[in-house]
Amino acid sequence: MFESLSERLGGVFDRLRGRGALSEADVRAAMREVRVALLEADVALPVVRSFIDSVTEQAVGGQVLKSVTPGQQVVKIVHDALVNMLGADASELELDVTPPAVIMMVGLQGSGKTTTTAKIAKRLTERGRKKVLMASLDVNRPAAQEQLAVLGTQIDVATLPIVQGQQPVDIARRALQAAKLQGYDVLMLDTAGRLHVDQALMEEMKAVATVAQPAETLLVVDALTGQDAVNVAQSFSEQVSLTGIVLTRMDGDARGGAALSMRAVTGKPIKFAGTGEKLDGLEPFQPSRVAGRILGMGDVVSLVERAAESIKIEDAEALARKMAKGLFDMNDLRGQLQQMQRMGGLGALASMLPGVKQVKQAMASGAADDKVLVRMDAIISSMTPKERTKPELLNAKRKIRVAKGSGTTVQDVNKLLKMHQEMANAMKKIRKMGGIKGLGALLGAKGGLGGMLGGLGGGMGGGGMPQMPSGGGGLPGLPGGGNAPFNMPPGFDKFLKK
Amino acid sequence: MNDTVPWRDRLLGGFKRTSEKLGENLTGLFTKATLDADTLDEIEEALIASDLGPSTAARVRERLEGERFERGLDVMAVREIVAQEIAKILAPVAIPLEVIAFPRPQVILVIGVNGSGKTTTIAKLAHLLTEQDYQVMLVAGDTFRAAAIGQLKVWADRVGVPIIMGKEGGDAAGLVFEGVKKGTEIGTDVLIVDTAGRLQNKAGLMDELAKIRRVLGRLNPEAPHNVVLVLDATTGQNALNQIEIFKEMAGVTGLVMTKLDGTARGGVLVAAAEKFGLPIHAIGIGETIDDLRPFDPQEVARAIAGVAPLKERTA
Ligand SMILES: Nc1nc2c(ncn2[C@@H]2O[C@H](COP(=O)(O)OP(=O)(O)OP(=O)(O)O)[C@@H](O)[C@H]2O)c(=O)[nH]1
Ligand SMILES: Nc1nc2c(ncn2[C@@H]2O[C@H](COP(=O)(O)OP(=O)(O)O)[C@@H](O)[C@H]2O)c(=O)[nH]1
Ligand SMILES: [Mg+2]
Ligand SMILES: [Mg+2]
């Protein structure tokens, strides 16, 4: 559904190759594409408008560098402007006040306030060595106060004892009292979710702020938010003085345009990104990553990090030894497939990698999906241990047995064998090109789905890698060789439905 | 409420400004004509601001482009035209959730991303069905999130329906199996299963859903009869990814959209109706058990087009 901005701009600028400066007409044409890209990423319309205006101004008359295409040049200008607008760098909490420093969390229902309260408390306790008390003022949602209490025990942070029936402002007073008396450095106030148009609840929030005098008031926003982000940001910042924003669910596959809307409307820094349900899923906000994501250029940095996390070192070393001997059997193939699954399957990969239009299309058309991985795994499971180490044992009769056992067809089994063969060949080439020394590079830097399959191929730099026959797998126009940003694992195409 | 005039109305292609412009563009003319480009631009932008997404907004614009309308339409009339066009897209998917399973119970699995409103929607649905004299039972299948079980328990007590609960951190699929067994034994009409919120790009968690489905099928091959995906109206274009992947991995049979009581208009439903054609059963317009409404395509279309909000606010 989404095309990356570079792909969009490719078309606009094709006719322009080799010209010197960006003319106003060219830039305007490009900006129409930028506009659509931003809207698809859920950046709010008014923010898109003002962004486009200012970037157009910057871009017109700009010299196109010799080494890049006009499209790349514009992408760079847009990307830099985005990073700029999102805020130069991570900004920390400012808790330099007479203790207890109060942090108040506000936001819509279900945006992640309670979870983020616990995450920040954990961070302050562990890294900041602060003594933190948490209190839930959510008397609306059933079991909301219990939720925070449970999280408190999980991270070993104190929570204010629950007094049934007490109202938010009174709870805030009691919390403040307790924090002062018991010498806490930080008091975190988790509040109930509220709609910005619910005036009664907005008044309640203001009353709490008046009592608690928070050092930090953080608006917690879901990264999946659409156009409504501007309304939310506007109303909340009008009614309490926000000091920052937390963007949750950045572990999802949303393009995260809400980040830009929030920044533009509130003018406040985005202090953290929530990256998981677990309480260690909190990171300082990184503008350049998010800019890339908004533009559909792929969150390459995150991908590389996740790859590094989910690829177990021992596995990689064992594989390297095998590769050195020129051996690569079905067990290895399976290990690679499982690794792909650990990383969130094809869907997650596809959404994070740059230039994955083809795969997206294939997936949208039903040609490739996560089930492919499951099916391949089922086939390998149905082989005997001997067959796995020596796939050449698989004669017609055995293939039929394997197909039956895995609920697939002999054709599928053949495809898998072919894929294995091609990967083994790719291995041999890698070995010739420098063997296991390149393994580090294979595991990430070059990226690409090829790289993800244990790095088989990523490090080939697109040179020696067997290219997918285009058309053969129903993946039209896969970029060929050279600096193609994306390669399918060799033979993977054979697994796509026709 | 005065100081919370939606920013959209104040600043940008909001309906107010749009409409005023539309008004200027259209008044004083007298015969039938197509809408002019400026008017169409304004309509398209207003639709984008309602979360239809750029391509669906462009398609609605195209549908209006060729048609001829009375000249001199006022603002409301133009909004109505837009609403009618949207209602045409939404009408085919307005399909209520009905209790028809035989043998009983009808098993309804409720799924969605984190915080979308699953648990609250279950409470509302249980209330609605109870009022219609169906026997309802709940299964606290979210064994992951802190106090999620307690949350559903509070709702079950308020609505007055039995609930099957396990331990926090326990095996959700096992509990669900238990639930169906109990529900069948006591002969309940409807069994509603809550699940932990999960983002659609987490393969492991999606597999877990598939497992819950399989387990349900073991006792009754027809179960789950409904797999309801709960979408949050504040969500933007990612809702389409959610539908696509949940549909594929968990066999979604219908949608409910929550939080339409805010300023989010849920325009992504228009794109969803075009792209997936999945039934939309109901909408959520508040936090209490009475705040579930059947999905009325006219009403939602008019909200999207800015004719009338779904919930009147008393300031
Ligand atoms: N205003 C409004 N709030 C809603 C609506 N539906 C749910 N909520 C609120 O949204 C928040 C999250 O709702 P839940 O039902 O707990 O959502 P969930 O999907 O079960 O959440 P998890 O189990 O944490 O993934 C709660 O504060 C609800 O009160 C609605 O239609 N309108
Ligand atoms: N995947 C993911 N889930 C999150 C994140 N932050 C919160 N959640 C989940 O979102 C849901 C709502 O969170 P909660 O903290 O209860 O929201 P609140 O209603 O604003 O207090 C819960 O299921 C959380 O586990 C995040 O960064 N990533
Ligand atoms: Mg909460
Ligand atoms: Mg829930």
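**A loop residue and its surroundings**

Modeller: Ala21(A) is exposed, because 11 other C-beta atoms lie within 10 Å of its own and a count of 12 or fewer is classed as exposed. The model is a predicted one. Ala21(A) sits in the loop that joins α1 (5-13) to α2 of chain A. Ser91(A) is 70 residues from Ala21(A) in sequence, and their C-alpha atoms are 37 Å apart in space.

The next step out is the domain layout. Chain A is split into domain 1 (5-86), domain 2 (101-293) and domain 3 (302-495). Taken over C-alpha atoms, the centres of domain 1 and domain 2 of chain A are 36 Å apart. Where these two touch, domain 1 of chain A supplies 14 residues and domain 2 of chain A supplies 20 residues. On the domain 1 side, the elements that give two or more residues are α2 (24-40), α3 (45-59) and α4 (70-86) of chain A. Of these, α4(A) gives the most, with five residues. By class, that side of domain 1 has eleven nonpolar, one polar and two charged residues.

Chain A as a whole has 22 helices and eight strands. Its length is 498 residues, and 54% of them are buried. Among contacts in chain A with a separation of 6 or more, 75% are between residues 24 or more positions apart.

Chain B can be described in the same terms. Its secondary structure comes to twelve helices and ten strands. Of its 315 residues, 56% are buried. For contacts in chain B between residues at least 6 apart in sequence, the share joining residues at least 24 apart is 78%.

Both ligands involve the two chains. Ligand 1 lies between chains A and B. It has 25 residues around it, and the ones that come nearest are Gln109(A), Gly117(B), Thr120(B), Gly197(B) and Gly284(B). Helix α6 (residues 118-131) of chain B provides the largest share of this shell, three residues. The shell around ligand 1 has three nonpolar, 14 polar and eight charged residues.

Ligand 2 has 22 residues around it, the closest being Gly112(A), Thr114(A), Thr115(A), Gly274(A) and Asn114(B). The site of ligand 2 is shared between chains, because residues from chains A and B surround the ligand. Here helix α5 (residues 113-126) of chain A gives the most, with three residues. By class, the shell around ligand 2 has one nonpolar, 16 polar and five charged residues.

As for where to read with care, the predictor gives the complex an ipTM of 0.89 and a pTM of 0.76. Chain B has a mean pLDDT of 89, and 89% of its residues reach 70 or more. Residues 1-30 of chain B are a stretch where pLDDT stays under 50. The model has 59 contacts beyond four places in sequence for that stretch. Where pLDDT is low, predicted coordinates should not be read in detail.

Terms used. Residues are numbered from 1 along each chain as its sequence is written. Chains are lettered from A and ligands numbered from 1 in the order in which they are written. This is a predicted model: local features need pLDDT of at least 70, side-chain atom pairs count only at pLDDT 80 or more; totals for chains, interfaces and linings use all residues. Domain bounds come from an automatic or database domain assignment. Two residues are in contact if their C-beta atoms, placed from the backbone, lie within 7 Å. Helices (H or I, at least four residues) and strands (E, at least two) are DSSP runs, numbered from the N terminus. Ala, Val, Leu, Ile, Met, Phe, Trp, Tyr, Cys and Pro count as nonpolar, Asp, Glu, Lys and Arg as charged, and the others, Gly among them, as polar. A residue is near a molecule or strand if its C-beta atom, placed from the backbone, lies within 6 Å of it. A residue is buried if 20 or more other C-beta atoms lie within 10 Å of its own, exposed if 12 or fewer, and partly exposed in between; C-beta atoms are placed from the backbone. pLDDT is the predictor's confidence in each residue, from 0 to 100.
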